[in-house]
Amino acid sequence: MNHFHYRDGRLFVEDKALADIAAEVGTPFYCYASATLARHYDVFAAAIADNGLDAAICFAVKANASLAVIRTLAQRGCGADVVSEGELRLALRAGVPAERIVFSGVGKTGRELSFALVSGIRQINVESLPELESLNALAVRMGRRAPVAVRVNPDVDAHTHAKISTGAAEHKFGIAWDSALAVCRHADELPGIDFRGLAVHIGSQLTELAPFAQAFAKVRDLTLALREAGVPVSHLDLGGGLGVPYAPGEEPPSPAAYAAMVRETLGGLGCALMFEPGRMLVGNAGVLVAKVIYVKETGTKTFVIVDAAMNDLIRPSMYSAHHEVIPVAEPAPDAEIAPVDVVGPICETGDTFGRAMLLPPLAAGDLVAFGTAGAYGAVMSSSYNGRPLVPEVLVKGSQSCVTRRRPDYEDMLALETLPNWL
Ligand code: LLP
């Protein structure tokens, strides 16, 4: 469900026409719908509540680091899952209370850990023995006890893209399954560590429940084994990973089915749960709007060249991801559909949004929206090829606000210095 729809032949986000925003801010730009953010959060929260689960929802900020997006979610009670000091500062600035923030990640630095401790966040998910020892030493020095969950690697296949699978033994994430019990027991004995429980995250854009269920069943077994060994387990962080539809007809498991599976696998343990959804909350709440620069015919192919590129939305070139191309002016019902390659201006062939995409005729100056671009879109952008970062716009009803402006060329040069020998 989202709030992007045609009205009188024009693509609207909520009650605002995308073409009107384009006229104000220029292209390309990211645009997010507050109503979709709110709806996705509410649907997930309701699924959890309906299944009688005691759980905190912490939005994975890595999916969308817009201050305005984080605040929109925070105002509904959502917390934050952060993976760097930068994200932690963003979440705090957005108004997320420290006690709703969890810090994940395989390589947190000493500086980041001490900032987390000083900030008084809810939980730090530890992913290795050396990290546990450093955090303990740091906490002891600071006269604190760090609230910790140990992230375990359950060694399951998430059945998703290789680059975003994280729960198999070969991956860098979490404590290896065989040593998990011993590491938790050790954590429970350290003076600077307040051992709370376990964390697990097996991958992103999962389109089946079975891998989650497999991982959560192992977490259940480990929880029982730890309790048996006299180590109390009160908190379980189940990560994120639930997939979203990118193309019409795709139907990943619903939040309701996911929550029911959690109840079946982990309900009854008496643990406080935490979820770290990213994509599911924001993916379908955003589009990337671009303008067609040229339509180029080569004799064998038609290339629609747009002013957005792989630096603005890297998912197609990085993960072969599909993002729908939606014309901003509604095509006539009898418009002729033909295969075209939609590409950006960057000097590499990988700068392709889609090959042989079946689209109505597009001409220079036409606007298109790339769908499901609210997650891992703007956050993964760069200024490769000297292209300014794309602005972000948040819409609520008929209001819109540029929540991150487009840098100008002076901004882009401002961090550069020439050495004195030049
Ligand atoms: N928790 C942890 C520990 C994670 O590593 C991630 C995502 C999440 C939660 C949120 O997962 P989600 O609910 O969004 O699936 N750039 C890639 C996705 C990378 C995901 C990294 N970790 C993409 O564009 O598909």
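How many nonpolar, polar and charged residues does the lining of the largest cavity have? I counted six nonpolar, three polar and no charged residues there, taking Ala, Val, Leu, Ile, Met, Phe, Trp, Tyr, Cys and Pro as nonpolar, Asp, Glu, Lys and Arg as charged, and the others, Gly among them, as polar.

I am working from a predicted model, in which local features need pLDDT of at least 70 and side-chain atom pairs count only at pLDDT 80 or more, while totals for chains, interfaces and linings use all residues. Residues are numbered from 1 along each chain as its sequence is written, and side-chain values use heavy atoms, with hydrogens and water left out.

I then turned to the ligand. Among the 18 residues around the ligand, I found that S204, E276, R279, R315 and Y376 come nearest (a residue is near if one of its heavy atoms lies within 4 Å). For polar contacts (pairs of N or O atoms within 3.5 Å), I noted a polar side-chain atom of S204 at 2.4 Å from an oxygen atom of the ligand, and a polar backbone atom of R279 at 2.8 Å from a ligand oxygen atom. A nitrogen atom of the ligand is 3.4 Å from an N or O atom in the side chain of D81.

The shell around the ligand holds six nonpolar, six polar and six charged residues. I also looked up where the ligand lies: domain 1 (4–32 + 283–413) and domain 2 (34–278) both give residues to the shell, so the ligand lies between them, with the bounds taken from an automatic or database domain assignment.

Notes
Polar contact = N/O pair within 3.5 Å; in protein donor to acceptor, adjacent residues only side chain to side chain.
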